[in-house]
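Please look over the sequence and structure shown here. A short briefing follows, for a reader new to them.

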Amino acid sequence: MMMNIAIAAAVILFAAAGYLAFMNSRLIADKKREAYIPPPASEYTVYKTPQFTREDERTLTPIGVMEYEDPQGPMKVYLCRVRHKAEDLKLEEAGDVFLSHLKAARDRGTLRFYRTVEEALQGQDEIRLTERLTAVAKKR
């Protein structure tokens, strides 16, 4: 009889410990999810310039860059994350503007290159967009 009570108590203890471990792991997972703060939706822009300067670097982080041949010489178009709180474009809107420049240069035959700035990417949305841009740039 005592043995049955001891076994029942042990089973209840193990069940409670298992439940507590499960709840703890869920709590940790929720905390990690809450800790990730994606970049705000409206902080992207498309920047067209022959040369990216140090002044530009203070407010813009390029995540994609293309270069094409313009009548005045080489021109670059940057898809950038904006570092200040200005209202610019959402990622998809900026991506569409950049994509139109990319397709136009590719179709005219003036596109020199497109590259993703891998080390600057933040989040799956930026990765998916730059993969799409790479695919468009490779179509000739």
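Predicted model: local features only at pLDDT ≥ 70, side-chain atom pairs only at ≥ 80, totals over all residues.

Residues are numbered from 1 along each chain as its sequence is written, and side-chain values use heavy atoms, with hydrogens and water left out.

**Whole protein**

- The secondary structure comes to four helices and four strands; helices (H or I, at least four residues) and strands (E, at least two) are DSSP runs, numbered from the N terminus.
- From the N terminus on, the order of the elements is α-β-α-β-β-α-β-α.
- Of the 140 residues, 34% count as buried, where buried means under 20% relative accessible area, exposed over 50% and partly exposed in between (1.4 Å probe, protein chains only).
- The accessible surface comes to about 9,600 Å², and 60% of it belongs to carbon and sulfur atoms; these areas come from the Shrake-Rupley method with a 1.4 Å probe, and for residues only the protein chains shown count as cover.
- Contact means heavy atoms within 4.5 Å; among contacts between residues at least 6 apart in sequence, 68% join residues at least 24 apart.

**Helix α3**

- The 18 residues of α3 (residues 91–108) should span 26 Å at 1.5 Å a residue, and the end C-alpha atoms are 26 Å apart, which agrees; the expected span is 1.5 Å times one less than the number of residues.
- The buried residues of α3 are Leu-91, Ala-94, Gly-95, Phe-98, Leu-99, Leu-102, Ala-105 and Arg-106.
- They cover an arc of only 135 degrees around the axis, so they lie on the same side of α3; the arc is that of the directions from the helix axis to the C-beta atoms.
- An α-helix has 3.6 residues a turn, so residues three or four places apart point the same way.
- The buried residues of α3 pack against β1 (44–49), β2 (60–70), β3 (73–82), β4 (111–116) and α4 (123–138).
- Asp-107 and Arg-108 are exposed on the face of α3 turned away from its buried side.

**Strand β2 and its partners**

- In β2, 10 of the 11 residues are buried.
- β2 pairs with β3 in the antiparallel sense over 10 bridges; two strands pair if DSSP finds at least two bridges between them.
- A hairpin is formed by β2 and β3, with two residues between them.
- Glu-69 stands opposite Pro-74 in β3.
- β2 and β4 run antiparallel and are joined by five bridges.
- Gly-64 stands opposite Thr-116 in β4.
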